[in-house]
Amino acid sequence: MFAIFAFQLGSSKAQTVTLSKSNAKIVDVFKEIRKQTGYDFVYTSSHISETTPVTINVKNASLESALAACFKDQPLSYSIKNKTIIIKSKTVTQEMGPPASRPAGKYRMVTGRVADTENRSLPGVTVFSKELNVKTATDKEGRYKIDVSAQEPATLIFSFVGMESKQVSVSNQSVIDVTLSMAAKEMEEMVVTGYQILKKADVVGSVATIQAKDLNLNGINTLEQALQGKLAGVVVTNTSGMVGTKQNVRVRGTSTLVGSQEPIWVVDGIIQEDPLPFKAQELNTAGNINSDNFDYLRTFVGNSIRWLNPNDIQDITVLKDASATAIYGVRAANGVIVITTKKGQVGPPSINYSTNFSITDKVTYQKLNLMNSKERVAVSREIFERGLTSPFVNNNIGYAGALNEYLYLKTITEDEFNTRVAAMETANTNWFDILFRAPVSTNHNLGISGGNSNTRYYSSFGYNTNNGTAIGNDTKGITGSLAMSSQVFKNLSLSIRLAASKNTTNGFYQVSPYDYATKVNRAIAAYNPDGELSFYRNSSGYMFNIINEINETGNVNNVLTTNGSMDVNYQISNNFRFQTLFSYNSSATNGSTYATEKTEYVSRTLRFAEYGISPSDPAYINSKLPVGGEFNEVTSTNRTFGWRNNLSFNKTFGRKHTVGAMFGIETNSTNYEGYQATAYGYLRDRGKSFATLPLTVTSAKTVNSLLVSIPRITDRRVNTMGLYLTSSYSYASRYVFNFSVRNDRSNRFGQFTNEKFNPVWAGGFRWNIANEKWFESSNWLSGLALRSSFGYQRNIAANISPDLIIKLPTGQAANSTDALTGESLLTIGNLPYGDLRWEQTTSLNLGLDWNLFQNKVNGSIEYYTKRGRDLITTLPVPLEYGVPNMYVNGGSMKNEGYEVSANFVPVRTRNFTWSVSLNTSKNRNLVTKTGAQVVSWRTAASGQLNVEGQPVSAFYAFKYTGINPANGEPTFDLSVAPGADPKSPTSFMQYMGKLDPDFTSGLGMNFRYKMLSFSSSFYLQVGGKRFLAPLYNYASNNSGLPTEYENLSRLILDRWTPSNTGASIPALPNGSLPSVALPNNDQTYKNLYMFYNYSTDRVVSATSFRCNNINVSYTLPESVVKKIKCKNVSLGGGVSNPFVINSHDFNGVDPEVAYGGQPRTRTYTLNLNLSF
Amino acid sequence: MTLSISCKKFLEEYSQEEMRPGSTGDLTSLMNGDAYPNGVSIETFDVLTDDIQNNPLVQVNGAPIPTYLASLQAGTPMFTFNPTMFDQNNTISTSANVYTRLYTKIKGCNVIIDYLDNVSGTAKDKNAILGQCLFLRAYYYLRLVTLYGQMYNGAGINPETALGVPLVLSSQVKDGGLPRNSLKEVYDQVEKDLLRAEPLLRANFTPTNVFRVSADLCNALLSRFYLYKGRNEDMDKTIQYATATLQNKFILTSLAGFVGSNNAISPNGIYNAASPEVLWIYSGSYSDINTVNFDNRSLPPFTVSADLSNQYDKGTGTSNYGDLRYQYYFQSFTTASGTKFPYRTAKNTVNATYGTKGFRVAELYLNRAEAYARRFLVSGNTTDRTAALADLNTLRQSRYDTRNTGYTPVNITDAQALYTFCKEERRRELALEDCHRFIDLKRWGMGVTHIYTGPDNVTSTFTLPPNSPLFALPIPYDVMLANTGLIQNPR
């Protein structure tokens, strides 16, 4: 976009100028000057794009002074040659240049240094000596030298792009150091949408941007975690405290019920694809998620942006409403998160090295409030003494085991029994000490950037290791990237980016150390007195030791990613520009999990005998896998190319009417090729070889079913082609109208043949009130803009079709050929759903942007409403139809909410700055129409029962009425509310609220005192309720009576016993408890203790206030920095997750993961940043 | 032009494994996969009958053998006639959820029947597919209605009002409840489908193997259908359709031919794909509770009952084994001490993956004999008596050890005794085979008594009284949850 704009005008004119303009475009000012003086201007459009509006008021002034006034605060300088004014960017003055001109008169020299608020030297700052009308620029160390008028008071004006100009009056000092602060000019920020770069003043939709420097990347595992609480409308939920796992990201709530709810990630305009293909969750008939061996792997393979080095990020923008995302088409229904990476800066090579070390706290028993072994043995003793029974008891271990041997088997004496019980009571095995650690993680990052006005480059190299608190969970990664942009010809620019990364993650297979440590009885020993591992007979009947189990299983994956993109821009004419963007991404994932023959998992599921059986053992001949373990492998490669061409047009008519349009065509192809297989007989310790499986098992010579292990090949190809158009019109920068439309075609199988033309469209309007003539910028209100947008989108969840689709059976159970007849087999992939239509979503967004108190406070308020109609839902249908559910356009949903985000700078002085950023959002989600569904107390308690007029995750609990003082059983009020339909569980259960929070808020507070800065970020969640983890675990074989394997919450210490009838917790369950009939004749689990787990007594508020991190950093003074030959040195330290305040009912457990997952613990980080 | 072609190709629908059915060939493959049982294992419910007994768990190294314990726990609800056996508080093995499994197959039949007109192919091919799907649908409904409904001729049952199962006859899926049709409606539909399938199959389809259905099988199933319907007037049709098949397929396997030299008994299944006695085979052999990995230190928790093994004539020794069915129909279990017990069925062919479900010619002789005996009971017509005895003796002769000793035909003159003998013979012949015993007990109004020893070593007796409402099996809880229109069987 390098074009010369030259106005040739022959006639000579007077050289005085009279001009009066406010907030005018600089080009308009040039035109006026040219008209009045006859001087031509030569400049490039890139110069003009950097300018700020000009306010000028001169009368019969000289050309020079008119130009000086015009270029005041502009990043431009000029020179005059032969009646031509040549405009240049203010170049960084390498040497301290002499003052530009020296008019006669008395003057003296002033020197000094210009720095920013963080005391970084600012090169290239324009220093203007007002009285002498001379200017210079600071050198690379930020120093300047200029003459000022000897007559006091002289005035120096310091100006720099993006900084607030400063006027200093000079008395008799000769050294003046100046600090410039960032201009908080919200209205002039640019917004990157991935397709366009728009002035914020022209954006009609809802967007939010965060700069990378405002994200705390220390002590977090993924970028998503760093985004928690940073952007209004983006909710990030942690599902686990392990490293290498994904977070849930939702933009403005949930808008579809069956499709993917994840937003799409875009890096430098390129949509990112996951390393493994999307797999919809498969639900079994009981409503639980079916998971196979390979899902263990999937959990630890990160998402589509895992390859990106967070240090390369410049900023992140989230596009929230229909108007902002329309250009992305159907895929953007869940929001778009656009990441822009760093570009090189003009100047000599600048090298930046940063490193950090972090150490994470271990999880401890204090956080979990679990019994010690003495307390636990007392529970077992009570079970025996009170004669409590359960349908099935395994008397192998613990107190019950010892008692069994003493009383029934009579293999031990009373003394031996007492010794064993005493040993158990004092065992107190600390499983967290054994299975967890306080790991050290490190990060190293090296960046080099530089360039001249034609070519700029940025490259980085990063290495990180992230160790999880659970021993055996870690990730390692290497990333490298190179970006270059170049002005090849005057009207052709090119930028290229290459990046590659490799990540390795180690996780767990078939074991969960956290689960084990929190659930298992502490009276069980991990080691024998002789130091050997202590095995015990697990409920499966096979010998088990968790350390052995962890050592003998593995889950590792390697993801190798390479990306390349090329962006070419060609300025065809003044108004037309052509852009082509080609990208190619490739990722290879290679993951494997295994369990060796020494594991209890293999004993239990494959060998059906203990490890070490020999061919003479009867179990050997009966075993399908007498030797060896299991090995699963997944390899998957993903190749994606995208090619985008667009033509844009921009023209201003009659000074006030600006029209812009962009039309483009985009082609994308994503290819997944994968292979997954399970092999049996794995011998890890014998050269990673495989044993031969027996052909038949048992004396009846049954064919060994493990021999029929069928591998699976994935071959998925998604091609899409889209046409898009976006146009805008703005009148005098006051009224901005925008309209976008996009239509996509794809090769998806089973398309709706009648609905191939399905454009997404959206439009919006923005009113920059502050630019109105009548708007008087006052002290307290300096900017105001109103936005509104409306969009319409149609969407269909993939893999659902209105036609009958048949497919080749895949997977272990089925085979594509009939084994008996050799005939080919097919199965139904999709039943014909005759009247299935696309989903429709309409959304409306209203926003108000404002600046108060001279930009000290700025922010925006938004309101949105999103109505989904004809939402495709899986409707459970009678199983007599042969399918558990069908797809119908049955649902309607309404999401509405508001978001407020604001930035304040309450104090800003030379030495002290205090700034606050705040965002809050409230989302209200309402199901307005439901179809028929599974109506049972379980769905009501789990939040899956959709009730019209209630939010999506509304849930119900049994009305707990206290403990029966006679027997300690919990009692409930199961009466049906008058007038209610007894068939619905809502008639006898109590509405408790919803699982999702009502209101979330993020708060960031930053302080700077001289070279020391302090930053913190907090996250508040209000509303939302949860059931606590059950106190008594009900299972079909134990009726809730604790088994010897289980540890229990210390809350159970205050349980009902015959001597403690006033207890707060019901008594230990007795196995002979009958089922309780419910008014609606529900046939699912009906035990009193099951009800207790889902009763009003167990509901807690999920409201919490969390401090995400606190950081301190110190920039070394320049004198020190110079000595060590650096440009800048800063040191810092911080702590992540320092504290959480939440309902006391949680007893210190993190509410985000209080229901089984591993909590995040405190992480302490030290970091060092050097630049040369 | 090239651009638009390449563009078209770029956007051509693509899927690794999916397709739109276009020809009868596609539908045939779909039928083989989704309408035929195709490897789906279906519970035999033998554990509810007097053919299975429970053996106490033996402690080995201080604990019961884990797989035995698991098997005992899985089998307990059914073995103890717990009315909540199919509720969520018990673990239901997937094969025991016959209700869902069969309706999934009925869906396959319905989809193909509905889609036949939309594909290319000859009328003959389409009729062949239609005939097979109608037969299969009828087969599944007959199984469903006999398991989950009362018997058609049960005491105090009015077929017009008694609850059968919901009839789903189209692939159209709808929401809302689906009520149970009456017994009569379901039986009428089964009859209608079978009568329609027979001529279609006769004219258009000759199976090349025993895994596909045929017109003769259709008549055979009709004879079973009328026997199950069970009113006196249905007996003529039982005889008529059994005879129709027996005219073409009448060969019985002579078990005496199985005995090797030196009187060796080596495994040799009656369900052999090459055997002329077999009309149809589909998958599966054992009930899940009989598939436990055995351990010769202790008897598995559920084995063939002593009551059943006592039904067989054990002969006089190796030169005359007597009733060879005892030798060939049961897989034996040898404990460490060397004692042999009949454990589970051995009707399957060794080293073959197909099972012991389907239809054998032997059943036709038994169906016809029972129908004749019933007629004799009512009318006293001696031709019926001799016809019944002829069928029974034909069958028994092929089952006895006739190597050295001639077969002695049975001769019974008392009508009631003849009818009882028919029942006993049916039990001996069809033991542990695809639900026969459970439905026969139900038809004949007989009860079952089980002696059960739990993991806690406490022994108790459980009884399923004759004509107990529990004979109409409780509908699994997940089915009840999903279908609000269903009424649970009284239990």
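This is a predicted model: local features need pLDDT of at least 70, side-chain atom pairs count only at pLDDT 80 or more; totals for chains, interfaces and linings use all residues.
# Notebook: a look through a two-chain model

**Entry 1: a salt bridge to begin with.** I started in chain B, where the side chains of E277(B) and R360(B) meet in a salt bridge, 2.8 Å from N to O. I then looked up where the two partners sit. E277(B) is in the loop between α8 (235-248) and β5 (278-282) of chain B, and R360(B) is in strand β9 (residues 357-360) of chain B, so the pair ties together parts that are 83 residues apart in sequence. A reminder to myself: side chains of opposite charge can pair when their charged atoms come close. Over all chains, I found that the structure holds 53 salt bridges.

**Entry 2: how confident is the predictor?** I checked the scores of the whole complex, and the predictor gives an ipTM of 0.83 and a pTM of 0.72. Chain A averages 79, and 84% of its residues score at least 70.

Where in chain A is confidence lowest, and where is it highest? I found the lowest value in strand β1 (residues 4-6) of chain A, with a mean of 37, and the highest in helix α12 (residues 546-551) of chain A, at 92. I also marked residues 92-104 of chain A, where the pLDDT is below 50; this stretch has 18 contacts in the model beyond near neighbours in sequence. Residues 280-291 of chain A are also below 50, and that stretch has 11 contacts beyond near neighbours in sequence. I will read both places with care.

**Entry 3: where the chains touch.** Next I turned to the contact between the chains, which takes 74 residues from chain B and 73 residues from chain A. The size of an interface is often given as the accessible area lost when the parts come together. Here, the area buried between chain B and chain A is about 6700 Å², and carbon and sulfur atoms give 60% of that.

How many salt bridges are there between chain B and chain A? I counted 0. For polar contacts, I found 5 residue pairs across the interface of chain B and chain A, with both residues at pLDDT 80 or more.

Which element gives the most to the side of chain B that touches chain A? I found that α4(B) does, with 8 residues. Several elements of chain B each supply at least two residues to this side, including α1 (2-10), α2 (24-35), α3 (66-79) and α4 (98-115). I sorted the residues on this side of chain B by class and got 30 nonpolar, 28 polar and 16 charged.

Entry 4: Strand β41 (residues 805-807) of chain A and β1(B) run antiparallel and are joined by 2 bridges. In this pair, I806(A) has M19(B) as its bridge partner. For background, strands of a sheet pair through backbone hydrogen bonds, either parallel or antiparallel.

**Entry 5: an open sheet in chain A.** I traced an open sheet of 5 strands in chain A, in the order β16-β21-β22-β19-β20, with mixed pairing. Which strands are at its edges? They are β16 (207-211) and β20 (270-271) of chain A, each pairing on one side only. I followed β16(A) to strand β21 (residues 313-319) of chain A, and the two pair in the antiparallel sense over 5 bridges. There, A208(A) has V318(A) as its bridge partner.

Entry 6: I looked at strand β50 (residues 999-1009) and strand β51 (residues 1012-1022) of chain A, which run antiparallel and are joined by 11 bridges. F999(A) stands opposite V1022(A). Their hairpin has 2 residues between the strands, and K1010(A) takes a positive phi near 50°.

A hairpin of 3 residues links β24(A) to β25(A), and G451(A) stands opposite R456(A).

My last stop was chain B, where 5 bridges join strand β7 (residues 330-334) to strand β8 (residues 340-345), running antiparallel. F333(B) has F341(B) as its bridge partner. This hairpin has 5 residues between the strands, and G338(B) takes a positive phi near 95°.

Conventions:
Residues are numbered from 1 along each chain as its sequence is written. Chains are lettered from A and ligands numbered from 1 in the order in which they are written. Side-chain values use heavy atoms; hydrogens and water are left out. Two strands pair if DSSP finds at least two bridges between them. Helices (H or I, at least four residues) and strands (E, at least two) are DSSP runs, numbered from the N terminus. pLDDT is the predictor's confidence in each residue, from 0 to 100. Contact means heavy atoms within 4.5 Å. Buried area is the accessible area (1.4 Å probe) that two parts lose on being put together, summed over both. A salt bridge is a side-chain nitrogen of Lys or Arg within 4 Å of a carboxyl oxygen of Asp or Glu. A polar contact is a pair of N or O atoms within 3.5 Å; within protein, one must be able to donate a hydrogen and the other to accept it, and residues adjacent in sequence count only if both atoms are side-chain atoms. Ala, Val, Leu, Ile, Met, Phe, Trp, Tyr, Cys and Pro count as nonpolar, Asp, Glu, Lys and Arg as charged, and the others, Gly among them, as polar.
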